[in-house]
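Have a look at the picture, then read on.

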Amino acid sequence: MKLSLLFGLFPILTFAHTNNGFGQNLSLLKSKGKFSENFLSKSSSQALNTRGGEKADVIPDSLRELVEETVASNRKIIVVTGGVLSGIGKGVTASSIGVLLRAMGLRVTALKIDPYLNVDAGTMSPFEHGEVFVLDDGGETDLDLGNYERFLSVSLTKESNLSTGKIYQSVIDRERMGDYLGKTVQVVPHISDAIQEWILRVAKAPVARFGSSTKEIPEVCIVELGGTLGDIESMPFVEALRQLQVLVGYKNMCFVHVSLVPVLGSPPEQKTKPTQHSVAQMRQLGLTPDFIACRGKLPLEASAKKKIAMFSSIPKNAIISIHDVSNIYRVPLMMMSQNFPSMLAHRLRLEPYYKKSVSQKFSAYENNEITGIEKSKLIKEWTELADSVDSPEGECTIAMVGKYVDQGDAYLSVVKALTHSAIATKQRLKIEWIVASDLDINDENTSQETFDNAWNRLKNCDGIVVPGGFGMRGFEGKVEAIKYARESKTPFLGICLGMQASVVEYCRNVLNRPNAHSSEFKDDLVEDVEDAIIFMPEGDRERMGGTMRLGLRETILRKGSIARKFYGHEKVNERHRHRYEVNPAFVTDLEAAGLHFVGRNADNSGERMEIVELEESSHPYFVASQFHPEFTSRPEKPNPLFFGLLEASKAAKSE
């Protein structure tokens, strides 16, 4: 490259990388007449060659248009990263930031980046990865999206969960179609460009508030980068985020880094070295944190905060203590008490809170004088919610009879749904985790001592939940738990496989069909006599990923049913995730024997069973659903089926 050309490009390249960022300089350049046309247009593409290559290496049109739209819309992006170790609380931190933004009156959306190679979470084991959270559109996603939906009170889409497998698949598909015109397809720029495009598409995609069909364009997008900074699999995402801040501008994008401050020694001392090293590594990767959220058991001491500020070059006020609290709903309030909302509003120039005449740094504010959100309706309601968790009127013990109880996150949404209903019924929730196979004396791994202990714990519970799952292990134990709930009149809720097990139990013990079973577990069943549960006709036995009956489906509820009473509507929409269903040939006999299918699909065939229940005259609360009601439960609006269970359990306990 000639020296004259090099010196000619140098000011532009330097200008694009300043703190003001390219996005903020766009209007300035136009106003000063520096360019006769859009700075990002094809004719001036050589000017934006921030990669140091030839003309063919400039930003593609698709990304350019998204950047332009983001800057013109004044949309903001908040990236939450994590250091030191995984599972540090990035998801809760990101969700809590969303609550504070909602309190400011802003429309918020979210994106979770998972660096694993799986296309989605649908085929991942609950033992390893926790639950699979299902969205309205059938997306099988990471459980953090459940936290986002519950805290942000929005309905996200499958695009809101991005994995390495998903982004590589999209780029490879484009390469096979010839979209790259014969170029060598590389991680940078092709993968990194695709990641940036994905983020900006999700950031502007309209989302509906929970319970509303009206979609609105977001004003802020919260992006959580999964894993730990420095992991080899997350490197393309880190590079993409670095490039993205250059393009959209410093004022439109900020970073919140979640790190660990452990307590060690005698006397105990908060150690800041892990956080110091984590921030140093983050800087080596080209990212600079604007806020550091320090996780620990106790509030961050002033001396520790001072040391982190000194060694990480982050303002002391921008170091936020995220210590253990009595319940998860106090985290947004804790962040608010440390002035995070006002600092964030000033850092991102959030209208109408940002005051252009104020020249002080975003971290200079020491109270919430900018936002004043502590007086907002949402924060008042959120405070009442957090207080109600800590001051219940009674206690309720619910047995969770499942297969994956050793991995608590495997039933995270079920736990949250129970918690929401416990709050609404003013009860402290206690969950008794029971391994389903321990209730089956014929299971080869169940000893007599284990069997007796499991049954003693089950019989001391106020209610029973049998959640969804896959595989034969523990199925017979679930059937036995359901039989006990039915005969002892213990309030019961079955979900997905729990409903199917309820049908099998009733067939065996009431219809006198002892060989009744699910064709998922036995393939030699007599048709329409023993196969109480069958494979759905539209299912795919070959491909596992994304082939189940997924997403939101409408269910019509029978008038006078328990489900109709608690929902209060004839038609309800709930999320599904299953391959097997109740055999329609069994329905007439089962209903004649007292097991009523009060919820059915709304496609006019009426042959897909969605909710089954016993009459209130014979049982206080025996309800099971083929869908997953836990996915639509919210702190401010518990799912009706869970609310019914907790209310029935409370009533039974008071008798």
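A crossing of two helices is called left-handed if the near helix is turned anticlockwise from the far one by less than a right angle, and right-handed if clockwise. With that in hand, look at helix 3 and helix 8: their crossing is left-handed. Keep in mind that this is a predicted model.

**Two helices that cross**

Two packed helices are described by the angle between their axes and the distance between the axes. Here, helix 3 covers residues 61-72 and helix 8 covers residues 187-204, and their axes come within 10 Å and cross at roughly 40°. Which residues make the contact? On the side of helix 3 they are Ser62, Leu63, Leu66, Val67, Glu69 and Thr70. Helix 8 brings Asp193, Gln196, Glu197, Leu200, Arg201 and Lys204.

**The chain as a whole**

Stepping back, the protein chain has 21 helices and 26 strands. Of its 655 residues, 56% are buried. Now take the contacts between residues at least 6 apart in sequence: 71% of them join residues at least 24 apart.

Is helix 6 enclosed or open? Nine of its nine residues are buried, so helix 6 is largely enclosed by the rest of the structure. Those buried residues are Asp144, Leu145, Gly146, Asn147, Tyr148, Glu149, Arg150, Phe151 and Leu152. Just after the helix comes Ser153, with a positive phi of about 55°.

Ser160 sits in the loop between strand 5 (154-155) and strand 6 (161-163). At a relative accessible area of 3%, Ser160 is buried.

**Aromatic rings**

A pair of aromatic rings is described by the distance of the centres and the angle of the planes. The structure has 14 aromatic pairs. One of them joins Phe151 and Tyr329, which are stacked, with 6.1 Å from centre to centre and 20° between the planes. Phe151 belongs to helix 6 and Tyr329 to the loop between strand 14 (319-323) and helix 12 (331-337), so the pair ties together parts that are 178 residues apart in sequence. Both Phe151 and Tyr329 are buried.

Another pair is Tyr411 with Trp433: the ring centres are 6.4 Å apart and the planes are at 25°, so this pair is stacked too. Tyr411 lies in the loop between strand 15 (394-402) and helix 15 (412-424), while Trp433 lies in strand 16 (residues 427-435), so the pair links parts that are 22 residues apart in sequence. Tyr411 is buried, at 3% relative accessible area, whereas Trp433 is partly exposed, at 29%.

| Charged residue | Ring | Distance from the ring centre |
|---|---|---|
| Arg513 | Phe586 | 4.8 Å |
| Arg634 | Phe210 | 4.3 Å |

**His596 and Glu615**

What joins the side chains of His596 and Glu615? The link is a polar contact of 3.2 Å. His596 is part of strand 24 (residues 596-601), and Glu615 is in the loop between strand 25 (609-613) and strand 26 (622-625).

Are these two buried or partly exposed? His596 is buried, with a relative accessible area of 16%, but Glu615 counts as partly exposed at 43% relative accessibility.

Leaving aside neighbours within four places in sequence, the residues that His596 contacts are Arg558, Glu591, Ile611, Val612, Glu613 and Glu615. From C-alpha to C-alpha, His596 is 10.0 Å from Met609, and 13 residues separate the two in sequence numbering. Glu615 and Leu595 are 20 residues apart in sequence, with 8.0 Å between their C-alpha atoms.

**One more serine**

Finally, Ser518 is in strand 19 (residues 517-518). Ser518 is buried, and its relative accessible area is 0%. Setting aside neighbours within four places in sequence, its contacts are Val504, Leu525 and Ile533.

Notes:
Residues numbered from 1 in each chain as written. Predicted model: local features only at pLDDT ≥ 70, side-chain atom pairs only at ≥ 80, totals over all residues. Heavy atoms only, no water. Phe/Tyr/Trp six-rings, centres within 6.5 Å; stacked < 30°, edge-to-face > 60°. Helix = DSSP H or I, 4+ residues; strand = E, 2+ residues; numbered from the N terminus. Buried < 20%, exposed > 50% of the residue type's maximum accessible area, 1.4 Å probe, protein only. Lys NZ or Arg CZ within 6 Å of the ring centre and 35° of its normal. Contact = heavy atoms within 4.5 Å. Polar contact = N/O pair within 3.5 Å; in protein donor to acceptor, adjacent residues only side chain to side chain. Axes fitted to C-alpha atoms, helices over the stretch in contact; angles between N-to-C directions.
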